[in-house]
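Subject: Structure handover

Hello,

Here is the structure I promised to pass on. Please open it first, then read my notes below.

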Amino acid sequence: MNWLDKIHWDDDGLVPVIAQEYNSGKVLMFAWMNREALMLTNETKRAVYWSRSRQKLWRKGEESGHAQLVHEVRLDCDEDVVLIVVEQIGGIACHTGRHNCFFKKLENGQWQIDQPVIKNPEDIYKPTA
């Protein structure tokens with residue numbers, strides 16, 4: 001049996017993926033992978049996700065330069081969630097220009113932003129002509 005066959009893929013052929021920072025243990029982001037994305041991630045040791053909105057492979061950092069170098073790939077006990085332990089190049093994982101995607105914290109019934117923008121997204125993502 002192929003190692004990919006052990007994973008419980010959803011009806012769309014996807015598995016949820018959590019990216020955790022290697023040196024700090026912080027959760028950086030959540031995304032999806034299909035079989036090809038996970039296979040490429042394992043082969044290249046660089047995070048490759050599946051973009052549901054664009055319906056195509058998304059090589060993390062292909063536009064921003066903020067790639068994720070993969071140290072470990074793990075599968076949870078139910079075999080339906082993947083954890084990748086990564087080195088985040090450039091210190092920015094979120095498309096908003098923040099260190100990670102979980103920058104809103106619930107306080108007193110309100111979502112409060114508790115992390116600064118490290119780099120303006122307009123400076124990261126150049127418009128295509």
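Which strands does helix α1 lie across? Helix α1, residues 35-44, lies across β2, β5 and β6. Its direction is at about 130° to β2. Contact here means heavy atoms within 4.5 Å. Angles run from 0 to 180 degrees between N-to-C directions, and axes are lines fitted to C-alpha atoms, for helices over the stretch in contact. Helices (H or I, at least four residues) and strands (E, at least two) are DSSP runs, numbered from the N terminus.

Some ground rules. This is a predicted model, where local features need pLDDT of at least 70, side-chain atom pairs count only at pLDDT 80 or more, and totals for chains, interfaces and linings use all residues. Residues are numbered from 1 along each chain as its sequence is written, and side-chain values use heavy atoms, with hydrogens and water left out.

**The sheet**

Four strands form an open sheet. Their order is β2-β1-β6-β5, with mixed pairing. Two strands pair if DSSP finds at least two bridges between them. At the edges are β2 (27-33) and β5 (68-75), each pairing on one side only. The twist averages 25° from one strand to the next.

Now β1 and β6. Strand β1 covers residues 15-21 and strand β6 covers residues 82-88. They run parallel, joined by five bridges. Val17 stands opposite Val82 in β6.

Strands β3 and β4 run antiparallel, and four bridges join them. Trp50 stands opposite Leu57 in β4.

In a regular strand the side chains alternate between the two faces of the sheet. Both faces of β3 are covered. Val48 and Trp50 are buried on one side, Tyr49 and Ser51 on the other. Buried means under 20% relative accessible area, exposed over 50%, and partly exposed in between (1.4 Å probe, protein chains only).

Gln55 is not a glycine, yet its phi is positive, at about 55°. Is Gln55 buried or exposed? Gln55 counts as exposed because its relative accessibility is 54%.

**Asn108**

Another loop to look at: Asn108 sits between β7 (104-107) and β8 (110-113). Asn108 has a positive phi of about 55° although it is not a glycine. Asn108 is exposed, with a relative accessible area of 82%.

Best wishes
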